[in-house]
Amino acid sequence: MSEIKEFFSRLFSTNEWPPRWKCGYWSDFHGWLYIVSELMIWAAYFLIPLIILKYIVKKKAALKFNKAYIYFAAFILLCGSTHFFDALMFWVPMYRINALLRMATAVVSLLTVYHLIKILPIAFMQKTNVELEAEIQKRAEAERKLEEANKGLETFAYMASHDLQEPLRKISTFTSKLLESHENSFDDNGKKLAKKVLDASAVMRKMINDILSLSSLNEHTELSVVNTQVVVNNAIEHLDIIIHEKNASISVGHLPGVIGNEAYLSQLFLNLISNSLKFSNGKPVINISGKAKEDKVILKVSDNGIGMNEEHIHQIFEPFQRLNSKSEYPGTGIGLAICKRIVDIHKGSISVESEEGKGSTFIIVLPSAH
């Protein structure tokens, strides 16, 4: 214990030893070769931790094993300090401080080794740059093939839908002419059957047009600042006749601007408002509101319509999914799928809150123009 006290009490004392220049025989060349070498090693050991720490600060969020970097930096710094003191002792023989520094270096070295052993199994599980690059290339190839497949499907859907229009138009035209020219010879049942053909043709035409709308939505469309207020007002104006027929009440609050495609967003609100008008038993009351939140805009379209059960909510954005009979509420079941596709193109989201018999609220989140 007395030796330990004596050690620390005389920590900075240099009287017990001569400077290293006077220990043994040092030629000028030999001494300065030793000193310069030690200082060069110290300079390198000093700069390496600085580079490591700068890297940690810049890449902190993306780095794994941050502690390993810090331990290693401390270990390198302490190792370098021992070389600096070795050079310094040619003039100032601070052997006690040198010994203490070496002990600190030894402790940090063992801590570094212990930490590396702990993280080694996890580190071996990490993918190498070569493996990551190979995976990126594989994903890029898969995405390219998927994009080609999607383009092929879009082209096929467009061509198939377009080619169906002509025979459907002929069915509708010839049935109308047949009904018109044989009106007196057809009995009530014949007229009823002819009308069913015309109604089915109209439904089919609407379905084809909706499929064309869905397949023509392009995710690479150009986006710009859009005045949401103008888009909603245009949609309401477009639905003016049905709004008057239903004696609907539509209120529009302040709507912040968004980043998007004006034509697509017009179609989005046209479909949502049309839905609210369609799925109502009494006088439709529709409220459209919006608010900005950080870099997003949250828009809501609420109505007092028939609503839906919570268990059916996840189905409504899929194509051809219907919760009600066609006779009661006509439509193709594609409208909300189009809405979902439009919102996805804008890197946003759409959801619905609804209760059967108490209406629905569609919530759309889009990138803010500000």
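Student: Where is the place of Asn247?

Tutor: In this predicted model, Asn247 sits in the loop between helix H8 (240–246) and strand S2 (249–252).

Student: What is the phi of Asn247, and how should I read it?

Tutor: As a general idea, most residues other than glycine have a negative phi. In this structure Asn247 has a positive phi of about 55 degrees although it is not a glycine. Glu294 is also not a glycine and has a positive phi of about 55 degrees, and its place is the loop between strand S4 (285–293) and strand S5 (296–303).

Student: Is Glu294 buried or exposed?

Tutor: Glu294 has a relative accessible area of 74%, and because the cut-off for exposed is over 50%, Glu294 is exposed.

Student: How do the axes of helix H3 and helix H4 cross?

Tutor: The axes of helix H3 (residues 66–88) and helix H4 (residues 95–125) come within 9 Å and cross at roughly 155 degrees. Since angles over 145 degrees count as roughly antiparallel, H3 and H4 are therefore roughly antiparallel to each other. Their crossing is left-handed, and the residues of the contact of H3 with H4 divide into 15 nonpolar, 7 polar and 3 charged.

Student: Which residues does Tyr71 touch?

Tutor: Tyr71, which is found in helix H3, touches Val108, Leu111, Thr112 and His115, if residues up to four places away in sequence are not counted. The C-alpha atoms of Tyr71 and His115 are separated by 8.2 Å, although the two residues are 44 residues apart along the chain. With a relative accessibility of 30%, Tyr71 counts as partly exposed.

Student: How many residues has the largest nonpolar core, and how should I read such a core?

Tutor: The general idea is that in soluble globular proteins, nonpolar side chains tend to be buried together. Here the largest nonpolar core has 38 residues, and those with the most contacts inside it are Leu268, Phe269, Leu272, Ile273, Ile350, Phe362 and Ile364. Several elements each supply at least two residues of this core, among them helix H7 (228–238), helix H10 (335–345) and strand S7 (360–367), while the largest share, 7 residues, comes from H9.

Student: Which residues does Ile350 touch?

Tutor: Leaving aside residues up to four places away in sequence, Ile350 touches Leu272, Phe317, Cys339, Lys340, Val343, Phe362, Ile363 and Ile364.

Terms used
Residues are numbered from 1 along each chain as its sequence is written. This is a predicted model: local features need pLDDT of at least 70, side-chain atom pairs count only at pLDDT 80 or more; totals for chains, interfaces and linings use all residues. Side-chain values use heavy atoms; hydrogens and water are left out. Helices (H or I, at least four residues) and strands (E, at least two) are DSSP runs, numbered from the N terminus. Buried means under 20% relative accessible area, exposed over 50%, partly exposed in between (1.4 Å probe, protein chains only). Axes are lines fitted to C-alpha atoms, for helices over the stretch in contact, and angles run from 0 to 180 degrees between N-to-C directions. Angles under 35 degrees count as roughly parallel, over 145 as roughly antiparallel, 65 to 115 as roughly perpendicular and the rest as oblique. A crossing is left-handed if the near helix is turned anticlockwise from the far one by less than a right angle, and right-handed if clockwise. Ala, Val, Leu, Ile, Met, Phe, Trp, Tyr, Cys and Pro count as nonpolar, Asp, Glu, Lys and Arg as charged, and the others, Gly among them, as polar. A nonpolar core is a set of buried Ala, Val, Leu, Ile, Met, Phe, Trp, Tyr and Cys residues joined through side-chain atoms within 4.5 Å. Contact means heavy atoms within 4.5 Å.
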